[in-house]
Amino acid sequence: MSLASQLDRYLAVRRSLGYDLRTSERVLRRFIRFADDAGAQHIDADLFLRWDASQPAAGSSTRSARLGMVRLFALWLSSVDLAHEAPPRGLLPDRTIRKRPYIYSKVEIGDIIAAASELPSTYGVRGLTCSTFFGLIAVTGLRISEALALDTSDLDVATGVLSVRHGKLGKERLLPLDPTVVDRLITYTTERNRLLGRASTPLFVRCNGDRLSEWSARASFARVSRAIGLREYSRFKRHGKGPRIHDLRHTFAVRTMIDWYRMGKDPAREMIRLTTWLGHASPDHTFWYIEAVPELLELAMARATRIGWEAQR
């Protein structure tokens with residue numbers, strides 16, 4: 001089968017998963033024409049570099065984007081023909097590449113929450129707040145800013161719905177929570193009020209009753225991460241280097257998507273729900289996880305390949 005025919009099948013399969021590939025198709029068609037003119041039967045890094053050198057001058061971001069498109073196509077081809085070699089991710093420099101997320105294991109998340117509950121403070125509010133704060137982000141995928149902005153009244157205990165009023169770009173959304181999460185939040189607010197000696201408007205607070213700040217949340221997370229071995233001590237960086245609070249959001253998204261593939265659900269249909277849940281402006285921002293996480297990319301490619309072969313029968 002020619003590279004052009006395989007590209008047709010690749011595009012059809014990925015579009016069936018919900019991707020908008022208009023730009024990718026234009027780039028890959030140019031790449032395939034170059035490969036055909038060069039008499040290439042298989043894709044590798046050398047072929048890509050020769051094609052890239054033949055293209056009009058472009059910035060590093062554009063060149064890196066082209067690499068990503070060709071790389072994904074080559075990965076898909078290599079799943080059925082090992083003669084194809086995907087160009088390595090770092091073949092071209094690009095200062096704008098998004099950092100690959102750290103995906104926590106369930107054990108690591110449990111350790112984070114347990115260690116956070118032991119954080120010292122005068123009245124015990126810090127440990128109570130931080131363990132609940134980190135846990136809520138882990139099970140909902142909330143952004144840090146969204147969780148910090150929550151008020152106690154944003155949780156409707158009767159319906160189990162959490163109102164996220166301060167989403168990115170000012171967008172609001174409603175999140176129906178699992179009953180166990182609602183129970184945990186009720187327990188937290190009850191104990192929080194007892195320790196403060198009064199009710200509180202902000203959901204997550206410090207020992208003085210003020211709203212938990214981003215600086216305080218990040219500092220506490222860094223301390224917890226070092227305590228359980230997820231971060232190393234850094235002399236010149238007070239918080240050290242390592243996984244971030246935001247990676248809890250990434251982990252929620254990735255684990256949700258992995259479960260879809262393992263349960264045989266249609267990712268294209270489910271992606272709309274996850275995009276809405278996460279508060280993304282576009283499904284493209286959610287699809288990024290597939291390409292950023294190797295395990296998820298393998299599952300997506302395996303499903304795409306299976307669908308492609310079934311369509312040929």
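Tutor: To begin with a term, pLDDT is the predictor's confidence in each residue, on a scale from 0 to 100. The model is predicted, so local features need pLDDT of at least 70 and side-chain atom pairs count only at pLDDT 80 or more, while totals for chains, interfaces and linings use all residues. Residues are numbered from 1 along each chain as its sequence is written, and side-chain values use heavy atoms, with hydrogens and water left out.

Student: Where in the chain is confidence lowest, and where is it highest?

Tutor: The lowest confidence is in helix α13 (residues 294–312), with a mean of 63, and the highest is in α6, at 97. The chain averages a pLDDT of 85, and 84% of the residues score at least 70. Helices (H or I, at least four residues) and strands (E, at least two) are DSSP runs, numbered from the N terminus.

Student: Which residues of α11 are buried?

Tutor: Pro267, Ala268, Glu270, Met271, Leu274, Thr275 and Leu278 are buried in α11. They cover an arc of only 150 degrees around the axis, which puts them on the same side of α11; the arc is that of the directions from the helix axis to the C-beta atoms. Buried means under 20% relative accessible area, exposed over 50%, and partly exposed in between (1.4 Å probe, protein chains only).

Student: And which residues are exposed on the other side of α11?

Tutor: Arg269, Arg273 and Thr276 are exposed there. After α11 comes Gly279, with a positive phi near 80 degrees.

Student: What covers the buried residues of α9?

Tutor: The cover includes α5 (106–116), α6 (125–140), α7 (144–148) and α10 (246–263), where contact means heavy atoms within 4.5 Å. Among the buried residues of α9 are Phe221 and Val224. Just after α9, Gly229 takes a positive phi of about 90 degrees.

Student: Changing topic, in what order do the strands of the sheet run?

Tutor: Three strands form an open, antiparallel sheet in the order β1-β2-β3. β1 (155–156) and β3 (173–176) are at the edges with a single partner strand each, so one side of each has no neighbour in the sheet. Two strands pair if DSSP finds at least two bridges between them, and β1 and β2 (residues 161–164) pair over two bridges. Asp156 has Val161 in β2 as its bridge partner.

Student: How many disulfides does the structure hold?

Tutor: The structure holds zero disulfides, a disulfide being a pair of cysteine sulfur atoms within 2.5 Å. For Cys130, the nearest cysteine sulfur is that of Cys207, 9.2 Å away.

Student: Is Cys130 buried or exposed?

Tutor: Cys130 counts as buried, at 2% relative accessibility, whereas Cys207 is partly exposed, with a relative accessible area of 23%.
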